[in-house]
Protein chains: 4
Amino acid sequence: MQREQTTALSAALNPPSLAAAINAKGFSHAAGFRIVAAEPGRAEVALARREDLVQFFGHFHGGVITALADQAAGIAVTSGLPAGRIGVTVEIKVNFLEPADGSELVARAKTLKMSGSIGVATVEVFSKNEASETLCAFCTATMRALDLPPEFR
Amino acid sequence: MQREQTTALSAALNPPSLAAAINAKGFSHAAGFRIVAAEPGRAEVALARREDLVQFFGHFHGGVITALADQAAGIAVTSGLPAGRIGVTVEIKVNFLEPADGSELVARAKTLKMSGSIGVATVEVFSKNEASETLCAFCTATMRALDLPPEFR
Amino acid sequence: MQREQTTALSAALNPPSLAAAINAKGFSHAAGFRIVAAEPGRAEVALARREDLVQFFGHFHGGVITALADQAAGIAVTSGLPAGRIGVTVEIKVNFLEPADGSELVARAKTLKMSGSIGVATVEVFSKNEASETLCAFCTATMRALDLPPEFR
Amino acid sequence: MQREQTTALSAALNPPSLAAAINAKGFSHAAGFRIVAAEPGRAEVALARREDLVQFFGHFHGGVITALADQAAGIAVTSGLPAGRIGVTVEIKVNFLEPADGSELVARAKTLKMSGSIGVATVEVFSKNEASETLCAFCTATMRALDLPPEFR
């Protein structure tokens, strides 16, 4: 990740434990999402191929690619919010560029803009095979910042 | 489904077995996607809530919602193509409107337009609880028609 | 417009003059946008073809179609807000389905959802020629409600 | 424009006159779109502020921003196609990030992917004031390559 391009979004970082907590539940946990990096305005999340994550042709399912991109966008945006706040997805759009036929996916998100309660992030998703990686999907997500309900703090 | 509004897209229907085959593999099978209806230009696909399909707050994960919408769009478009052709997703966009906190999701897709090799479908996704259902997401997907590779026929 | 399908969004209507004021300035005025109908959660805006509104092939320019859809979405959402509030566009997505080669465009917007400060509208844009009309574009817009600055009230 | 990052899309360049021709007609001509740069997979198009191009608050109208982004995407994609082919817009999505309140807009497009007849481009749109520029919109466009009809060659 290119740290020098990171927009300074917020001095007040969320506890890194929030990103871990987001990732440790439900679908992201069951699918095996792995946080590679998280900092204000940036996140990288990876996922190894499994037979229960593919579509008809044996490539990663578009919904799984979207889930990974969404998770990376959410962590990038949330990492830039004050403690006690979380970004939830208002809408997401994904272009599928190449078959996601690698052994691993990596989603790299960066926040384009955070102002008021609205954040926008772009995510590049790469399909990896050993040393090479191919841009297989490009995503833009609009997020809304919420106060974390007390039971989740 | 409102059959009277169905645009006559193609007299040549895909074998219904193609929709079943699409759904019987990988993520859609593992998650438990269930085809409720499929006809040229229309499809309805349902999914029961499970703990491995939710996000941080315990609602259906946005990526799972997108996967279901994508599947319904793909079946609606593919059902309108000549035998031996299949629709693959070029891009998808989803607005999340309400928390998907029901016990079941239902995605209802219809083809807006199919011309040349490009099809566009909209999908309404409802979160269901007993008798009531709430529109929780709205999706538009652009599909491209391909010849099914011989090994999938 | 099908009034019976209109979601009751807000009892407090904006002064109808706001929709007229939005439309009477800048590009929408110069291009000749015409408000056909506006009520809470619904709007219809029309535009006659002119040589300065087309693209390379002589059809309405995609940006002009988007501008008309955006205006209709903004008026549908704003009409459902309390007086003194206005909807501004967070993001917009448009699928172009058919050449917009008619003598007039009509954009029909409806609000899918308005909650908190976020509204989502879909817009169907039709290309008209005498009696017939063709769905030429489909749009989804996400809006954010703002207080009107004092100088605009 | 960062030439070193340009993907080599095609050795066969369209005559540069096609980009000029696209821009010299209809809305883009009337609004005053100005091609700053065009090469295979890249384009930059600028537009000076005028009172007939703004919205209610006096900033560039969202539809005008979209038109400029669309034009830049079309020129980037078309410049990478073999002679006699042109890219037309299948769908476009735009996030509006900041008020476009500058004296000029600049749209910078790059092709992410061109394969078969489908191309995808991203466009950054900047609002400029003297020396400074602000990213005011981010766009993704899906294009389809067509043979230019004989009357346009």
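Because the model is predicted, local features need pLDDT of at least 70 and side-chain atom pairs count only at pLDDT 80 or more, while totals for chains, interfaces and linings use all residues. Residues are numbered from 1 along each chain as its sequence is written, chains are lettered from A and ligands numbered from 1 in the order in which they are written, and side-chain values use heavy atoms, with hydrogens and water left out.

Start with chains A and B. Here 34 residues of chain A are in contact with 34 residues of chain B, contact being heavy atoms within 4.5 Å. The two chains bury about 2,700 Å² between them, 70% of it on carbon and sulfur atoms; buried area is the accessible area (1.4 Å probe) that two parts lose on being put together, summed over both. Phe27(A), Phe56(A) and Phe57(A) supply 28% of what chain A buries against chain B, more than any other three residues. No salt bridges turn up across this interface: the count is zero, where a salt bridge is a side-chain nitrogen of Lys or Arg within 4 Å of a carboxyl oxygen of Asp or Glu. On the side of chain A that touches chain B, helix H1 (16-23), helix H2 (26-31), H3 and E3 each supply at least two residues. Helices (H or I, at least four residues) and strands (E, at least two) are DSSP runs, numbered from the N terminus. E3(A) gives the most to this side, with 10 residues. By class, the side has 20 nonpolar, eight polar and six charged residues, with Ala, Val, Leu, Ile, Met, Phe, Trp, Tyr, Cys and Pro counted as nonpolar, Asp, Glu, Lys and Arg as charged, and the others, Gly among them, as polar.

Next, chains A and C. Six residues of chain A are in contact with six residues of chain C, and the area buried between the two chains is about 490 Å², with carbon and sulfur atoms giving 72%. Glu91(A), Lys93(A) and Ile118(A) supply 57% of the area that chain A buries here, more than any other three residues. Two salt bridges are found across this interface. In one of them, the side chains of Glu91(C) and Lys93(A) meet at 2.6 Å, N to O. Strand E3 (85-96) and strand E6 (132-147) of chain A each supply at least two residues of the side that touches chain C, and the largest share, three residues, comes from E3(A). That side has two nonpolar, one polar and three charged residues. Glu91(A), Lys93(A), Glu91(C) and Lys93(C) are linked in a network of salt bridges.

Over all chains, the structure holds 36 salt bridges. Lys93(B) forms one with Glu91(D), the closest N and O atoms being 2.6 Å apart. Lys93(B) lies in strand E3 of chain B and Glu91(D) in strand E3 of chain D, so the pair joins two chains. Both Lys93(B) and Glu91(D) are buried; buried means under 20% relative accessible area, exposed over 50%, and partly exposed in between (1.4 Å probe, protein chains only).

Within chain C, the side chains of Glu44(C) and Arg108(C) meet in a salt bridge at 3.3 Å, N to O. The pair links distant parts of the chain, with Glu44(C) in strand E2 (residues 42-48) and Arg108(C) in strand E4, 64 residues apart. Glu44(C) counts as buried at 12% relative accessibility, and Arg108(C) as partly exposed at 26%. Strand E4 (residues 104-115) of chain C also holds Glu104(C), which is buried, with a relative accessible area of 17%. The side chain of Glu104(C) makes a polar contact with that of Arg34(C) at 3.1 Å.

Helix H3 (residues 62-79) of chain A has 18 residues and reaches 26 Å from its first C-alpha to its last, close to the 26 Å expected. That expected span is 1.5 Å times one less than the number of residues. H3(A) is mostly covered, with 18 of its 18 residues buried.

Key. Polar contact = N/O pair within 3.5 Å; in protein donor to acceptor, adjacent residues only side chain to side chain.
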